[in-house]
Amino acid sequence: MKITSLDYKSRNIEKDRYISAQISIWNNPENLPYLSFTGKIFSEGMVRNWIYNLNEHSEMKYYTAIEEEKIIGIIVLKSDNINGFEICGIGVEPKWKRKQIGSRLIETAIEKAKQEEFKSIETLVFCDNRPMLMLTVKYGFQPFRIDTGMRYDGMNIVTLKKIF
């Protein structure tokens, strides 16, 4: 498996491949409850807008896990000098779960945050997403805030931070 990045310099064919993969992964019934505050699916237009509006100053960064020429996992990162470095979303194709794909994507996020000289990294995780909570804790993230009723069904969300 290899990890690749997608940015404003990526060719349109790569962007379209990414868009298709993100829609498939994010909207999968096993993943959607943990990625959507509203429970609504991510439309192609929404994801296309995110990707085709990337530029050299974009705060968003996209990385993919690829196996056998197929995108099997995605992590979306955000970095800016005021708000810090954040994991905005991570998703893995269901048949590839529990095969260290999420671990590799988390490791990529930590590596990128350190390369950009951030002192910490944060992420939000719904409290019923036990696999992601366990994964982040495994990598040294610690909970520091819980916000109640953040998802459409009233589920709480925990903010976790890893300090380097």
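Which residues of helix 1 are buried? They are Lys 15, Tyr 18, Ile 19, Ala 21, Gln 22, Ile 25, Trp 26 and Asn 27, where buried means under 20% relative accessible area with a 1.4 Å probe, protein chains only. This is a predicted model, in which local features need pLDDT of at least 70 and side-chain atom pairs pLDDT 80 or more, while totals for chains, interfaces and linings use all residues. Residues are numbered from 1 along each chain, and side-chain values use heavy atoms, without hydrogens and water.

Helices (H or I, at least four residues) and strands (E, at least two) are DSSP runs numbered from the N terminus. What covers the buried residues of helix 1 includes strand 1 (2-6), helix 2 (32-35), helix 3 (44-52), strand 2, strand 3 and strand 4, contact being heavy atoms within 4.5 Å.

The largest nonpolar core has 26 residues, and Ile 75, Ile 87, Ile 106 and Phe 141 touch the most other members. Such a core is a set of buried Ala, Val, Leu, Ile, Met, Phe, Trp, Tyr and Cys residues joined through side-chain atoms within 4.5 Å. Helix 4 supplies its largest share, 6 residues. Apart from this core lies another, of 17 residues, including Tyr 18, Ile 25, Phe 42 and Val 76.

Not counting residues up to four places away in sequence, Ile 75 touches Lys 61, Tyr 62, Tyr 63, Ile 87, Gly 89, Ile 90, Leu 105, Ile 106 and Ala 109.

Terms used
Buried means under 20% relative accessible area, exposed over 50%, partly exposed in between (1.4 Å probe, protein chains only).
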